[in-house]
Every structure is written in C-alpha cells, then in structure tokens.
Amino acid sequence: MGLAESYRLRLIRKRLRLRALRKSRELHPVQNRTKSITPGAQLLFCTLRDELVRLPYFYEYYRNLGVDHFLMVDNGSQDGTREFLADQPDTSVWHAKGLYRKARFGVDWLNFLQRKYAHGHWSLVVDPDEFLVFPYCDSRPLSALTDWLDTSEIRSFSAMLLDMYPKGALEKFQYKSGQNPFEVAKWFDSGNYTIEKNPLYGNLWIQGGPRARVYFADAPKQAPALNKVPLVKWNKSYVYVSSTHLILPRGLNRVYESAGGEKPSGMLLHAKFLNTLSDKANEELRRNQHYAHGREYQRYNKKLNSKEHLWCSWSEEYINWRQLEVLGLMSKGSWA
Amino acid sequence: MTVGVIMLVHENLHRAEQLARHWVAGGCPVVIHVDSNVPDTTFKPFVAALGDEPKVKFSTRHRCEWGMWGLVAATLDASQILLDNFPEVRHVYLASGACMPLRPVQDLTAYLDRHPDTDFIESVSTAEANWAVDGLEIERFTLRFPFSWRKHRLLFDAYVNLQRRLRVKRKIPNGLIPHIGSQWWCLTRETLSQILRNPNRKATDRFFRRSWIPDETYFQTLSRRFARNLESRSLTLTKFDYRGRPHVFYDDHLRLLQRSNCFVARKIWPRADKLFDTFLRTSNDSPNTTEPQPDKINRLLAKASERRLKGRPGLAMQSRYPSRAAVRSQTAGHYAVFVGFSDLFEEFQPWLGQTLETITHGHLFAPERVEFANDATVYKGAMSDSAQVRDYNCGCFLRNLMWNSRGTHQSFHYRPFDTPKAYLNFVNDPHATIVIISGAWLLRYFHSGADISEMREDIAEKQKVERMYLRAFEDNTSKAQVRIWTLADFLTDRVDYMRSALDLVQPGAGQAMHSMPNLVDLTGFGAFLEALKNQGLYQKRVGDYKEDDSAPAQRAARPRPYIVN
C-alpha cells in the first residue's frame, strides 16, 4: 500500500471519528452504569429499535457467554424496549433521538461509545438478532477466547453472518419471547458463498446464503454483505466504517490467512428470518431508514407475499459449532 | 525422601495458593517465588494466606521478564532456600503457577523413588537442535541480549544485527557445551547443589546474564556438566504452538489430560475450574506406576498447528483465502471437463455416469441455468442453479461445488455456448483433466437445420470463443491435464481415443470401458462444412474432415433431425 493510500485511510478514520463525536450529541443517557465496568470486562454494544420480544433470549445468550456489560443504544422504541434495558443491572442505555440512516445505521453512535468506554476492552458489536458462535463455545466462555487471542497477539476476530431460517413459510411459526429462535430457524446454507477481496480496506467481501439464493437470484451483486469483524480488542483510535463489515485501521480486517492456513473464526447466527420479519419489513419500508433505502426490505416484502420459501432440499440443519467447522464455514485455527 | 517444589508465580495468585497447598498436602515442601512486578497489595495477602503452612517458604523477589535473567536468578535463590531448609528433599521440581499436577503427588514421588539418581531435564545440544522458533541457536550464547524482546523489539533486533555485523562472538566459559531445553525440570539434590556451589559460578552467571532466554539454557547446560544420570526429557507436559507460545488447557481437555498419565501439565487456563477441582482433589488411591503417554495430546496439538499453517485444501472462507501463489490448487478435488463430447455422442452424460466413477453434471456454465447432475435445481451446499448467481463469480462457484462434493469425482461439460470466460477458472487447476474434441460444437448448428447465412455471424463468434479457450488449454503453462483432438481426428479411431480420454480422467477406466455411446447423425456434415467454407468460414479446428469417416452403423437410422439440447 502506498503512502498516499494509507494517508487517505487515515483521513477517513479521522473523519469518521469526528462524525461520531458530532452524532454523539444525539445520545442521551437513560441509565449509565459504566462505572461498574471493571478492567478486562467483556463489553457488548448494540443499537436497536422495537426489539422487546427478542431481548430476553438475547440477554440469556450473551450473559451465558460471559459478557460483563451491555452498552445499548435505543433508537426511539415504542414497545418498552428502553424500559426493559434500563431494568437490567449489567446494562447502560442511551436514547438516540436522531435518524438511524443519518447516523450511518447506528455506527456513528456506537463508534462514539466504544471510543469512550471500550478502550482496552474486548468489545463485541452485534445486532439484537445476531448470536455469536465461536470454537468451543459450548465448553469455554468468551473470556477463554479473548485470553487466548490476547496471548496470540490477535486484535480482531472474524464472525461471518449466517442466515438461519425455518422450514416452510416464515409466518407458520410464532416466535415467543424468551424462546431460542434457532429452535425454529434452524436451517442454513452451507456452501454457496462468494468471496472477493476489497483491495482498499483489505477485507473479504462475502455474499451468498439464502438471501442471495432466493431474494437476489436475479441480482446477486446486490445481495447483502455477510463478512463481519464483531469482536475487537478496542482502542480509542479504531472506527467501524460500515456496520461491523469494515473497520479501520485496515490491519484489523486481515482476519484471514492468505498463505494457505486458516486463522481462527466464528459465526454470527442470524435470527432475522422469523415471523417477526414481515412486520419489520413493512415498518422499515415505511421509515426508510435502512441501507440503500431498504432495498433488502423491498425484496423481502415482495417475496414474503409470494409463496417462495428459503428452505431447500440441501439446507443444512444446525447442530453445533463443530458442524460449522467441519463444513468449512468457520475455523479453530491453531486453538486446540 | 521426597520432592521439593519451586513455584514461579506472577499472576493468578489464588490459583498458586491452591497449587501450593496441593503440593504440601502430598508431602512436598514448596518454595514460592513471586515476580517483583506483583504489587505488595496482592503479594502480602498471598503470603499471609499461606502463613499456616510451615512447609511453604518464599524466596527473594526478582523482576522476571520473559527471556531475561531474572527467572534464572529467582530459580537459583529458591533452590538454595529449598535445599537449605528441607533436608528430606532429594529431587527438586521446577513448576509455575500454571503447572497442574495431573496425577496424585504420591505417583510422582514413587516414580522418583524408582529413579533416585536421575535428573529429568530436556537438554539438547545446540549443534543438533532445531529447537527454537526464533532462529537464534548458538547465537543465543555468543551474542549479548541486554534489551527486552517484548518491550524493545526494535532495539533488540538492531543490536542483534549490529553484533552480527561486528562479528561479536562471546567466549563460552571453561568447557561448557551449550544446551537448550524446556524451562521445566526436575533435578536431584546432588546436581542442583553442584550447580549452586559451582566454583566458577560468578563467571558462569555473568555469561548467562547476557545470553538469550537463559531459563532455557542455564540449567540445561550446567546439568550436562554435573549430572550423573541425565534423562533428556521434561516430566512436565508443555506444548508450544507454531509460533512458540505454550498451548493452554481448558475444562474440555479433562479426559485427554487424565488419559495422558503425565505428572504435570502446563499451561492451565486460570479459570478452568473443572480442571482445578478435579486434579487438586487429594486421592488415596495406591500409587499408579504407568509411564506418561502424551501421544494423544501431541497429535491434537500437531493437528491444530497444521490447521493454522496449511488449512484444508480447496477451502475458501472468512478466515482462509489463499492467494494463487500460496497453494497448488484452489479446488478440493479432481474433476474432468468434457468439451465437445456431448455434441458428438447421443446420451453421452448417462453413458459417462455408467462408465466412470464420477458425478456427471451437464453444462455447468450453460447460459440458461446451471445443469447440475440429475437436473437438480439446487445442489449440495444449497447452490443455486441461477445462471446470474453463478456468473457473478464463476471461480467461487466452481470452488464451492468442489468443496461441497469433496471426496467424490466430478465431471461436467463445456463448450463455446457457455459463460465465455469460465474456462479461466479451471485451465490452470492441477485438479482438472480437460479432454476436448475441437469443432464438435458445430454439430449443433448443423442439426438445427437453419440456413447457413442466418447462422453465419453466430458461428463466427463461437469460433472466436473456441479459439480463445483452446489457446489457453494448449498453453504450456496450463497446470491442468489437457488432451485435444480435432473432430476429424477423433472420428478416425474413436474407440481408442475414447479409451485414452477416459484413462486420462481416471487411469484404468479406458480399459474397463465395454461399450461406446452412439454417434449423432453425421450425414451431410461434410457438405455443411464445405458450405461454411464457401461463406468464408474455414473451420480449421474441425480438422481434415471427410464424409466417409462417420460411422456407417448410424446411417440406417437417418434421416431424422437431431438437435442437441
């Protein structure tokens, strides 16, 4: 990489940090318990809106993994999400008045909060419908992974988004609060992903899965990106560029090995495709606050109304992380 | 007689306390060295907590930085205290706060009782050792290393380079032969006393103080000098990963560790509660005399390093994306590409399925949709048959197909009607076998029965496409196995050529072939070629085609229009 290019990336990073600072004026603390964050605590950051139904399981799952403190940005929920969050003893909540789209889909808010609270901590950034799976997660807590990453001098950990879906129409199953969404949405696509390298940011751009197969079969280029780097040993100077797909400085995007070996990686199981999706799709289309003006939601809406299902005869039924490892979706790397 | 334990501790003192009590309960006196970097606020309560154990002593604190002299100084001091205070000690075991006794302490004492004069210390001569990851072998001794590798990496490297340029070569003191080995040893009182009482100790210490990672060389070198009976192995199971960092054990390694029969293992993750609870439980079983068998653990860890360094061939994913130069092939298994065969033979695909051990796909790169085996609309790995999805990234498509079907051989067809540049993804793949009957695609136009003047432009264009990929296939740099026949050539001895084509794909398959697929009707093809030529389209790649070459047996069935696809 030339000097000019690296300087350009530095400027982008500075601009994003300034932007985050500017957007931080939209954040109003509802419940700030960040004083209780101890050195070495595992932090989780999340922006959300009207996700009350998902939260009980979300909390159960991540507390189980060993997350110590949740830093949540509520973007104008109407369903009691904010009250629920404020009641959780291990949570700090901010209310964001601004527009989701104008805060670059929440990234600006979180960049600010991470800069302020996550410096020196392992920081996990997920959506309320994303569930982190990593090697040995059924027998080792998240701190085992982060301790190991620390001693291995690895600063960022990749976890590709894996879209999970039920067999049959999404409306057929009613998701109940507190339920494990993957009891219903337990199917996934195991081997239809395309990968391309982004020469500027050095990250891999991964697309595919059921969304590319069904919703974007005629326009695969528009299919959503699945590559994510959600777990990072945070430093003040870092910024996420676009969701958790891209991060700067760009060395943090080098979560893959190009000399033939495998670096360790995990998965984000994506519980988006449930009966809750069609309401969400309608609502989000109305609000017009999503990426590329909700192109994705337009397609969902169109397809949800038709009889097309995501499930196919080669869909794989989820068992555990070892299965994902054998299928080649994630890797243990040298962690044994 | 018993074993005395030296524990070097620098963090997780609550675990160190548990471990010390365990050793003492097993009858072993313990001398603990706590790194002077540990603040007094942590150190003092730790000392107080162990105040009720008369068999636990604390040694003078040194600053222990990895790779530096402090660790050796600490060990020497602690050894002195241990030997002076506990005359019943015959063997001294060096351990850390992350070293877990896997077997009852009685097992270890019994084992050492059977080897009363043996020193267990890994000690390999630098002349033969390929031991270190850092590449510094004899230079560990002959250069000076005053700078910390962890904190001042640049200075460290610069000083090493400077000394190399100045050809610095420190003299190794009187008659010592440099040896390297694991830091964790178990020495006899006699050997250790001699090391402590060494008349040249001052000079020796001065020399090692500036050497690199002296904790892996000091005792290893000196015990060679003093030991009566040295076994060059450590009783502590320590495994390093591909970058020289110690492997860590977790709760889920419990069974593996139990079955290894090793006396002590490191490093144990400090929060592995189950391991601490299980192994620190005092047992009253009669001593077990089995030898350590760490093979299973070795295999597991070797596999882990291989996964990190080599990975799974043919896999591309979020954390493995090999560059072209890094790997021999980007695909997971062998496959065959048939070009022209499906145009020349009727029902070629089912015939191929009966003749070869292979999954027979159709034209994977056909313009309308992907022709997966058995006409599936979705295939292994949930691959879509959408032509757009496939053409979005043909390389990933092919790699995915091969990865999803790893363990089975695949075959598919290719011709000029297919995605034009798709061939670039297999022409250089050593896993590909490409067999070609050039010019055979013209039969499709021939059988369509359309007017030549209408097809003219189309044919010219496809001809260009064929020329392009044939050139690539014929290129010497192509890593695929390639065999090309012209249509005319192939027809002159088609049974033999078919055999050699099959043999190329799967050795022996040609000999085993017991039937030939039927040729399509070729009557009039010669005239068709002639007409093309008259229109200015000379079909060089068909070869020297003569009407008589076609199979007489086929003639009975005509006339009938035959349209491939």
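The C-alpha centres of domain 1 and domain 2 of chain B lie 67 Å apart. Domain 1 covers 2–132 + 176–309 and domain 2 covers 335–555, with bounds that come from an automatic or database domain assignment. This is a predicted model, in which local features need pLDDT of at least 70 and side-chain atom pairs count only at pLDDT 80 or more, while totals for chains, interfaces and linings use all residues. Residues are numbered from 1 along each chain as its sequence is written, and chains are lettered from A and ligands numbered from 1 in the order in which they are written.

**Chain A as a whole**

- Chain A has 9 helices and 15 strands; helices (H or I, at least four residues) and strands (E, at least two) are DSSP runs, numbered from the N terminus.
- The radius of gyration of chain A is 19 Å, close to the 20 Å that the globule rule gives for 336 residues, so chain A is as compact as a globular protein of that length. This radius is taken over C-alpha atoms, and the rule is 2.2 Å times the number of residues to the power 0.38.
- The C-alpha trace of chain A spans about 50 × 50 × 40 Å along its principal axes.
- Of the 336 residues in chain A, 51% are buried. A residue is buried if 20 or more other C-beta atoms lie within 10 Å of its own, exposed if 12 or fewer, and partly exposed in between, with C-beta atoms placed from the backbone.
- Take the contacts in chain A between residues at least 6 apart in sequence: 72% of them join residues at least 24 apart. Two residues are in contact if their C-beta atoms, placed from the backbone, lie within 7 Å.

**Where chain A meets chain B**

- On the chain A side, 51 residues are in contact with 47 residues of chain B.
- Elements that each supply at least two residues to this side of chain A include helix H5 (142–151), strand E7 (156–163) and helix H6 (209–215).
- H5(A) gives the most to this side, with 5 residues.
- By class, the side of chain A that touches chain B has 19 nonpolar, 20 polar and 12 charged residues. Here Ala, Val, Leu, Ile, Met, Phe, Trp, Tyr, Cys and Pro count as nonpolar, Asp, Glu, Lys and Arg as charged, and the others, Gly among them, as polar.

**The largest nonpolar core**

- In soluble globular proteins, nonpolar side chains tend to be buried together.
- The largest nonpolar core here has 236 residues, and Leu44(A), Leu268(A) and Ile6(B) are among those with the most contacts inside it. Such a core is a set of buried Ala, Val, Leu, Ile, Met, Phe, Trp, Tyr and Cys residues joined through C-beta atoms within 7 Å.
- Helix H16 (residues 394–404) of chain B provides the largest share of this core, 7 residues.
- Both domain 1 and domain 2 of chain B give residues to this core, so it lies between them.
- Beyond its neighbours within four places in sequence, Leu268(A) is in contact with residues including Val126(A), Phe131(A), Met160(A) and Pro230(A).

- An open sheet of 3 strands in chain B has the order E5-E12-E11, with mixed pairing; two strands pair if DSSP finds at least two bridges between them.
- Strands E5 (100–101) and E11 (236–238) of chain B stand at the edges with a single partner strand each, so one side of each is left without a neighbour in the sheet.
- E5(B) pairs with E12 (residues 264–266) of chain B in the antiparallel sense over 2 bridges, and Met100(B) stands opposite Ala265(B) in E12(B).
- Ser125(B) sits in strand E7 (residues 124–125) of chain B and is partly exposed, with 16 other C-beta atoms within 10 Å.
- Ser125(B) and His179(B) are 54 residues apart in sequence, yet 4.4 Å apart in space, C-alpha to C-alpha.

**Backbone points to look up**

- Most residues other than glycine have a negative phi, and most peptide bonds are trans.
- A cis peptide bond joins Leu248(A) and Pro249(A), with omega about 0 degrees. Pro249(A) lies in the loop between strands E13 (246–248) and E14 (265–270) of chain A.
- Another cis peptide bond joins Arg266(B) and Lys267(B), with omega about -5 degrees.
- Tyr136(A) has a positive phi of about 65 degrees although it is not a glycine, and it counts as partly exposed, with 19 C-beta neighbours inside 10 Å.
- Asp375(B), also not a glycine, has a positive phi near 60 degrees; Asp375(B) is exposed, with 10 other C-beta atoms within 10 Å.
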